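These are my notebook entries on a structure that is new to me. I set down what I looked up, topic by topic.

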Amino acid sequence: MRDKIFAKIREFNDIIIIPHIRPDGDCFGSAFGLKYIIESIYPNKHVYVIGEMTKSTSFMGETSNVSDDLFHTSLVISVDTGSLSRVFDDRVLTGKYVIRIDHHPHVEHFGDLEYIDSNYPSTCTIITDMFREKGIEIPKQAAECLFFGTSTDTGRFRYRGVTSNTHQNVAYLLDTGIDTDKLFNYIYLKDYSAFKLEAEIVSMINSTDNGLLYLKLTAEMMEKLNIKSEEAGNAISKLEYIRDYPVWAVFYSHGDIIRGRLRSRGPVVNEIAAKYRGGGHAYASGVTLDSWDELDILIKDLDIAIVNYKKNMTN
Ligand SMILES: [Mn+2]
C-alpha cells in the first residue's frame, strides 16, 4: 500500500492535498508535512494544500486556490478525513487519481486508493512512519507540522491510542532539531479577550453535593457573553479536571431546544443520555432537552448515578 502511494507521488507533477472541514492540527499538520517532504524529495513538483487556515496552524504555510482544470490532471490526496462529506473541497473526486490517508475508523469508501489505519493516533503519525520506515529524511519544516498535528490529536501524547510506535515517530521528528517550545506556544497561546470570556464562563459553574459540575448557558446569557452554540458546548473542556467531581456537563440554548454535553470518568452516562433524546460513548454523550425544567430531572438522574457509582467503589 505504502509503495503504491510512493509510486503515485513519483508519477504526478501536480499534487493537491485536501484537509477536512472544521480543520484541526492533524489535518493541516499532515497536509503541510506531506507537502514539504514531497518538495524536498522532488524540488520540481508542485504541491498545493487547500483549505481555510486557523490562527493556531497559520505558521505551517499558506493554502492555495486551485483551478478545476488543475484538479483534472493532478494527484489528489485527502488526509485525516473519515467521510466524503467532510472533505474540504467537493471537487476531490475530479482528481485524476485520488488517494486517502487517514486514521479514523473506516466508514465509507471513496477515491482510488485508501490507506486507512486506525491503529495510529493521528494522520501525522502515519505520514511520519511512512517516510521513517524508508529511511527518508524529513525536513525540519515538515517535522514542525507533523509534531504539531501528532501533539494536538493525542492530547499532548496522553490519549489511549498512544504507543511506543507513536513516540518512536515523534523521536524521529525531534531529531530534525525542531523547537517544541515554539510549537506549544502555537497551541496554548490565546487572546486576552478569549481568556476573559473563559473566566466569566467558569465563574458561572454550578455543582451538586454528590459530585456533578454543570454549566447552564441560557439564550440570554449566551447573548450577553456574545457566544454561539459551538463555543458554549466547547466550554465542557473547562470542567474536566476537578477532583471529586466525576461527572461534568454543559447545557446551552440552541434555537428552540437545549443541548447538553455529558462527560464522566466514573459512572457510564450514555444510558442516561438515551432517556433524554441523546446518546454517545459510555463516558462522553450528548442530550437534547425541551425545556430548562427538564434539566432539573436530568440533574437528579446524574446525581443518582454518581451516588451509586461511589457506593460500588467503596464496597
Ligand atoms: Mn486526526
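At what angle do the axes of helix α2 and helix α5 cross? I noted first that this is a predicted model, in which local features need pLDDT of at least 70, side-chain atom pairs count only at pLDDT 80 or more, and totals for chains, interfaces and linings use all residues. Residues are numbered from 1 along each chain as its sequence is written.

**Entry 1: the helix pair.** I found that the axes of α2 (residues 25-41) and α5 (residues 140-153) cross at roughly 160° and come within 8 Å. The two helices are therefore roughly antiparallel (angles over 145 degrees count as such). Axes here are lines fitted to C-alpha atoms, for helices over the stretch in contact, and angles run from 0 to 180 degrees between N-to-C directions. Helices (H or I, at least four residues) and strands (E, at least two) are DSSP runs, numbered from the N terminus.

I then looked up the residues that meet, where contact requires C-beta atoms, placed from the backbone, within 7 Å. On the α2 side they include Gly 25, Phe 32 and Tyr 36, and on the α5 side Cys 145, Phe 148 and Thr 152 are among them. By class, I recorded seven nonpolar, seven polar and two charged residues in this contact.

**Entry 2: the sheet.** I traced an open sheet of five strands, in the order β2-β1-β3-β4-β5 with parallel pairing. Its edge strands, each pairing on one side only, are β2 (46-49) and β5. Strands pair if DSSP finds at least two bridges between them. On average, neighbouring strands are turned by 15° against each other, direction ignored.

Next I followed strand β4 (residues 97-102). Five bridges join β4 to strand β3 (residues 75-79), and four join β4 to β5 (residues 113-116). Arg 100 of β4 is the bridge partner of Ser 78, and Arg 100 also has Glu 114 in β5 as a bridge partner. Ile 99 is bridged to Leu 113 in β5.

Is β4 enclosed or open? Five of its six residues are buried, so β4 is largely enclosed by the rest of the structure (buried means 20 or more other C-beta atoms within 10 Å of the residue's own).

**Entry 3: Met 222.** I located Met 222 in helix α9 (residues 219-225). Met 222 counts as partly exposed because it has 17 C-beta neighbours inside 10 Å; that class lies between buried and exposed, the latter being 12 or fewer. Leaving aside neighbours within four places in sequence, I listed its contacts as Leu 217, Ile 227, Ala 232, Tyr 252 and Ser 253.

Technical notes
Parallel < 35°, antiparallel > 145°, perpendicular 65-115°, else oblique. Contact = placed C-beta atoms within 7 Å. Nonpolar A, V, L, I, M, F, W, Y, C, P; charged D, E, K, R; others polar.
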